[in-house]
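Subject: Structure for your review

Dear colleague,

I am handing over the structure we spoke about, and my notes on what was found in it follow directly below. Please read them with the coordinates open beside you.

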Amino acid sequence: MNTLGPMLASFLPLLLLCRICVCQYSSDQCSWKGSGLTHEGHTRDVEQVYLRCSQGSLEWLYPTGAIIVNLRPNTISPASARLSVCIKPSKDSTGTNIYLDRNGRLRLLLREEDQAQGKVHCFSMQEGALFIEAVQHMDISRRITAFQYELVSDKLRAEALSPSAPCQPCSDAEMLLEVCTNDFVARGSIRNVDQKDDYASVTVEISRLHRQKTQVFAPGGVRVRSWTGNIKMPLQCKVKSGEGEFLFTGTVRFGEAWMGCAPRYKDFLRLYHQAQLQGTNPCHVDTD
C-alpha cells in the first residue's frame, strides 16, 4: 500500500467515523465546480460530490482539505456492474493527489505532478470512489484541479489501458457488431497520416457518413456531399496512407475519434451480404 501523506492520515478518522460534510447532490448532475475557499474554518471536513451522468467534468479551485467524488450512471441496471470510469486531467491541473477510495482503503491513482501529462486513466467502478486530497502549498491561489470523466464499458477500458489492442485485426463477428454499436461509422479514404509523440492522427475524407455520436467529421461544403476529420490510432499500429475505400468505425473519447475496425469497404460488403443471406446481421446498414 502506498505511503499516505500527513494530511491524508488526518482524514482517515473522519472516513472511519463518517464525519462527512455533504456539499452537493443531484441525481442528474454531470459536472461540478467548487472552491476550497469555502473550507475555511473546517478544513478537516471531507465533502461528498455525486455525479450521475455518462460523461462530465470536475473543477476544484484553490483546493484545501479533501473531497470524495462518486461517479455513477443515471440509471441502475445489471450492466452497471460492468462499467469503468476514465478520467482525463487538464494539462493545467495541479494542487491535489487523486486516490481510489474503497471502504476507507486508499490506493494512489494520480500524483499532483502526473496530472499535467493529460493522459487518460481508467478504473473499474467496483474499485471505489475518487478521493481527491489537497497538497499543502503556501500559495493556493494558482492551484486548480480539473478533469473530464466518462463512463465506459469494460472493453473500452481494456483498450485504453492496452494501446496495442486496436491494432489487432477484427474478427468477422466483431466487424459486424462494431458497425451497429460504435460511436461513428463512415465510408471513406485516408488522405494523410501524421505521427505525433504517442499516437498517429489519420486525416480521412468521408464519402458516406452512416453515423457519428458527436461531430467529429465536418462537412466539406454546401454543394459537396463529403466530410473530413481526424481519427487517432496508437503509434504501434503503424498505419499508412493508401489507395482504396475503407469503412471506418470507432469510439469518441473526450471529444476525440479513435479508430476501431477499419476494413476495406469491398471486404465489408462481402461480409455484410454473406451475413445478410444467412440472417446473422446484428443490424441493417444501408449499402446502396
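A residue is called buried here when its relative accessible area is under 20%, and by that cut-off 45% of the 288 residues of the protein chain count as buried. Please keep in mind throughout that this is a predicted model.

As to the overall make-up, the protein chain contains 4 helices and 17 strands. Among its contacts with a separation of 6 or more, 70% are between residues 24 or more positions apart. The accessible surface comes to about 15,500 Å², and carbon and sulfur atoms hold 49% of that area.

Helix H3, which covers residues 172-181, has Met 175, Leu 176, Glu 178 and Val 179 as its buried residues. Viewed down the axis of H3, these residues fall within an arc of 160°, and therefore they line one face of the helix. Ala 173 and Thr 181, on the other side of H3, are exposed.

Turning to charged side chains, the structure holds 9 salt bridges. One of them joins Glu 256 to Lys 88, with the closest N and O atoms 3.8 Å apart; because Glu 256 belongs to strand E17 and Lys 88 to strand E6, this pair ties together parts that are 168 residues apart in sequence. Glu 256 itself counts as partly exposed, at 24% relative accessibility.

Another salt bridge, between Glu 112 and Arg 143, has its closest N and O atoms 3.8 Å apart. Glu 112 lies in the loop between E8 and E9, and Arg 143 in the loop between E10 and strand E11, so the pair ties together parts that are 31 residues apart in sequence. Within this pair, Glu 112 counts as buried at 12% relative accessibility, whereas Arg 143, at 23%, counts as partly exposed.

Finally, the structure holds 6 aromatic pairs. One of these is formed by Phe 246 and Phe 248, which are stacked at 5.9 Å centre to centre with 25° between the planes, and both of these residues are buried. Elsewhere, Tyr 265, Phe 268 and Tyr 272 form one aromatic cluster.

Note on methods: Residues are numbered from 1 along each chain as its sequence is written. This is a predicted model: local features need pLDDT of at least 70, side-chain atom pairs count only at pLDDT 80 or more; totals for chains, interfaces and linings use all residues. Side-chain values use heavy atoms; hydrogens and water are left out. Buried means under 20% relative accessible area, exposed over 50%, partly exposed in between (1.4 Å probe, protein chains only). Helices (H or I, at least four residues) and strands (E, at least two) are DSSP runs, numbered from the N terminus. The arc is that of the directions from the helix axis to the C-beta atoms. Contact means heavy atoms within 4.5 Å. Accessible areas come from the Shrake-Rupley method with a 1.4 Å probe; for residues, only the protein chains shown count as cover. Rings of Phe, Tyr and Trp (its six-membered ring) pair if their centres lie within 6.5 Å; planes under 30 degrees apart count as stacked, over 60 as edge-to-face and the rest as tilted. A salt bridge is a side-chain nitrogen of Lys or Arg within 4 Å of a carboxyl oxygen of Asp or Glu.
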